[in-house]
Amino acid sequence: MTSLNRLTAAAWVVVAGSLLPAQNAPQQDKPANQVSVNQDSLTIQDFGKRVDEYVKLRKRAQAALPTPKPGSSAADIKQYQASLAQNIRAERLQAKPGDVFSAPVSQLFRKLIATPFQSNDGGRIRASLRHAEPVRGLTLEVNQAYPQTSALQSTPATLLSDLPKLPPELEYRIVGRELILLDTTPNLIVDLLPDALPKSPDGR
Amino acid sequence: MRSRVLIPLLIFFTLAAASQDNSGLALKLPLKSKSVRFAVIGDSGTGDNAQFEVAREMDAYRQVVGFSFVIMLGDNIYGGDHPSDFVRKFEQPYKPLLDAGVKFYASLGNHDSPNESQYKLFNMGGDRYYSFKKNDVAFFVLDSTYMSPQQLTWLEDQLQKANSAWKICYFHHPLYSDAKFHGPDLDLRSVLAPLFKKYGVNVVFSGHEHVYERLKPQDGIYYFVLGNSGQLRYHNLRPSGQIQNGFDGDRGFMLVEVDGDELYFQTISRTGLTIDSGVLSRQAKPTTAEQSPK
């Protein structure tokens with residue numbers, strides 16, 4: 001069971017518990033971990049809302065563009081990518097880091113990411129990241145393109161299974177210790193989360 | 001008496017014709033009728049001379065082998081996704097193959113834009129992971145830079161439903177490799193290898209490492225790494241006990257022929273040297289008990 005699943009299951013337990021008739025409810029304060037899980041569940045909901053808002057904005061941005069079809073020419077693909085990026089940028093002129101990864105979301109994501117690193121999977125995830133052509137030293141900005149000439153570091157499957165599910169337009173990408181939320185078709189950085197990955201034992 | 005002499009002579013000349021035709025190519029494939037024949041390239045999209053030379057050698061073999069499609073193991077277009085990149089790093093080098101009607105089925109590497117899935121000549125149908133079939137051979141094409149839970153669910157569903165005799169998976173990052181630069185992707189292995197075993201995948205092709213490797217079967221599955229069709233990491237192999245054959249001295253490509261329960265392969269360098277060849281037998285399908293959850 002992934003930590004996100006555990007979190008969701010625990011949240012259900014908390015919700016189910018709150019639905020018990022009053023006479024059956026335990027006459028004691030909620031344990032601290034239940035409060036934390038409940039809060040985490042709300043934070044994930046908040047993240048989901050922020051992502052939904054972005055997707056709505058994106059739909060507005062693409063509404064006026066011709067729908068791309070599989071089997072396009074390279075020129076058509078590039079034109080669509082550029083137009084969509086331009087329209088999204090125009091809709092998000094005030095976009096800044098933290099719009100999606102708010103402070104509570106950031107804190108929770110760091111916790112969710114740290115969990116598998118601290119488990120038995122940790123060594124394997126680190127090895128996978130090292131072997132996947134690590135991308136470092138990029139200066140990234142919200143609402144700007146991911147550098148076209150830079151490779152995409154693979155996001156370990158174990159890590160992805162621990163993070164909230166995203167709509168198909170978006171994906172999580174790793175750059176150094178940063179987690180970025182990338183809109184793949186326009187190749188735009190929606191938001192970024194610094195220090196998302198725990199430092200490796202050698203301090204990197 | 002006459003037939004005792006004639007028949008062996010006929011067999012001899014037939015075999016000789018198969019292995020060394022008029023083109024002077026040293027062919028190791030049997031070219032059986034109704035077989036499935038394809039070529040394999042990986043890490044090809046550099047646009048430099050070496051890629052063109054590999055492509056020319058591929059076309060020379062195509063004229064003899066008649067393969068009708070090519071599978072691409074990722075890093076199809078390096079260094080950008082401007083339309084001119086597609087021309088210089090794909091359409092021009094493989095023009096003779098494209099003109100001959102050869103289809104390319106791409107997988108995405110870490111240097112590829114996900115938008116390549118829309119590109120007509122990569123035949124991905126707009127999907128970053130997809131499957132297709134050629135006679136009794138099913139191909140499962142994965143996006144290994146982003147192995148999301150959704151993709152894993154899709155793969156399991158596809159493998160479970162597939163009833164082809166052969167199941168071949170290909171994607172960019174190798175699960176096993178003896179190359180020094182990257183090495184195997186252990187996290188990817190932890191999620192994919194159990195599915196391959198459970199659903200009887202026969203062969204796996206990957207790129208990423210700019211060398212050629214044929215690994216010893218892992219859990220009975222045949223693994224190849226071919227990431228030197230454009231790029232090359234010279235003398236990068238550090239062979240261990242898990243490697244059966246490797247080559248890190250030049251670029252190359254593979255030819256594959258599937259006929260019945262046999263898969264024939266021939267790996268050829270940019271200069272036409274046969275690096276490796278052989279025949280693999282189809283493994284027994286997993287039993288229902290092996291497929292059921294523990």
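This note sets out numbered points on a predicted model with chains A and B.

1. Make-up of chain A. Chain A contains 6 helices and 3 strands. Read from the N terminus, its elements follow the order α-α-α-α-α-α-β-β-β.

2. Burial and surface of chain A. Of the 204 residues in chain A, 46% are buried. The chain exposes about 10600 Å², and carbon and sulfur atoms supply 53% of that area. Among the contacts in chain A with a separation of 6 or more, 66% involve residues 24 or more positions apart.

3. Make-up and dimensions of chain B. Chain B holds 7 helices and 13 strands. Its C-alpha trace spans about 70 × 50 × 35 Å along the principal axes. How does the radius of gyration of chain B agree with that of a compact globule? For 294 residues, a compact globule would have a value near 19 Å, and chain B has 19 Å, so the two agree.

4. Burial and surface of chain B. Buried residues account for 57% of the 294 residues in chain B. The accessible surface of this chain comes to about 11800 Å², of which 52% belongs to carbon and sulfur atoms. Of the contacts in chain B between residues at least 6 apart in sequence, 67% join residues at least 24 apart.

5. A helix pair within chain B. Two packed helices are described by the angle between their axes and the distance between the axes. In chain B, helix α5 (residues 149–161) packs against helix α6 (residues 186–198) at an angle of about 10°, and the axes are 10 Å apart. Angles under 35 degrees count as roughly parallel, and α5(B) is therefore roughly parallel to α6(B). On the side of α5(B), the contact is made by B:Leu152, B:Leu155, B:Glu156 and B:Leu159. On the side of α6(B), it is made by B:Val191, B:Leu192, B:Leu195, B:Phe196 and B:Lys198. The residues of this contact divide into 7 nonpolar and 2 charged, with no polar ones.

6. A helix pair between the chains. Helix α6(B) also packs against helix α5 (residues 122–131) of chain A. Because angles from 65 to 115 degrees count as roughly perpendicular, α5(A) and α6(B) are described as roughly perpendicular to each other. The residues that meet are A:Arg124, A:Ile125, A:Ala127 and A:Ser128 in α5(A), and B:Leu186, B:Asp187 and B:Ser190 in α6(B). This contact divides into 3 nonpolar, 2 polar and 2 charged residues.

7. A buried threonine in chain A. A:Thr43 belongs to helix α2 (residues 32–63) of chain A. Is A:Thr43 buried or exposed? Its relative accessibility is 7%, so A:Thr43 counts as buried. Apart from neighbours within four places in sequence, A:Thr43 is in contact with A:Pro104, A:Val105 and A:Leu108.

8. A buried phenylalanine in chain B. B:Phe247 lies in strand β10 (residues 243–247) of chain B. Since buried means under 20% relative accessible area, B:Phe247, at 18% relative accessibility, counts as buried. When neighbours within four places in sequence are left aside, the contacts of B:Phe247 are B:Val211, B:Tyr212, B:Asn228, B:Leu237, B:Ser269 and B:Ile275. B:Phe247 and B:Leu226 are 21 residues apart in sequence, and their C-alpha atoms are 9.5 Å apart in space.

9. A positive phi at B:Asp43. The phi angle of B:Asp43 is near 55°, a positive value in a residue other than glycine. This residue lies in the loop between β1 (36–41) and α2 (49–65) of chain B. What is the relative accessibility of B:Asp43? The value is 0%, and B:Asp43 therefore counts as buried.

10. A positive phi at B:His235. B:His235 is a residue other than glycine with a positive phi, near 50°. It is found in the loop between β9 (222–226) and β10 of chain B. Its relative accessibility is 48%, so B:His235 counts as partly exposed. B:Asp43, by contrast, counts as buried.

Technical notes:
Residues are numbered from 1 along each chain as its sequence is written. Chains are lettered from A and ligands numbered from 1 in the order in which they are written. This is a predicted model: local features need pLDDT of at least 70, side-chain atom pairs count only at pLDDT 80 or more; totals for chains, interfaces and linings use all residues. Side-chain values use heavy atoms; hydrogens and water are left out. Axes are lines fitted to C-alpha atoms, for helices over the stretch in contact, and angles run from 0 to 180 degrees between N-to-C directions. Helices (H or I, at least four residues) and strands (E, at least two) are DSSP runs, numbered from the N terminus. Angles under 35 degrees count as roughly parallel, over 145 as roughly antiparallel, 65 to 115 as roughly perpendicular and the rest as oblique. Contact means heavy atoms within 4.5 Å. Ala, Val, Leu, Ile, Met, Phe, Trp, Tyr, Cys and Pro count as nonpolar, Asp, Glu, Lys and Arg as charged, and the others, Gly among them, as polar. The radius of gyration is taken over C-alpha atoms; the globule rule is 2.2 Å times the number of residues to the power 0.38. Buried means under 20% relative accessible area, exposed over 50%, partly exposed in between (1.4 Å probe, protein chains only). Accessible areas come from the Shrake-Rupley method with a 1.4 Å probe; for residues, only the protein chains shown count as cover.
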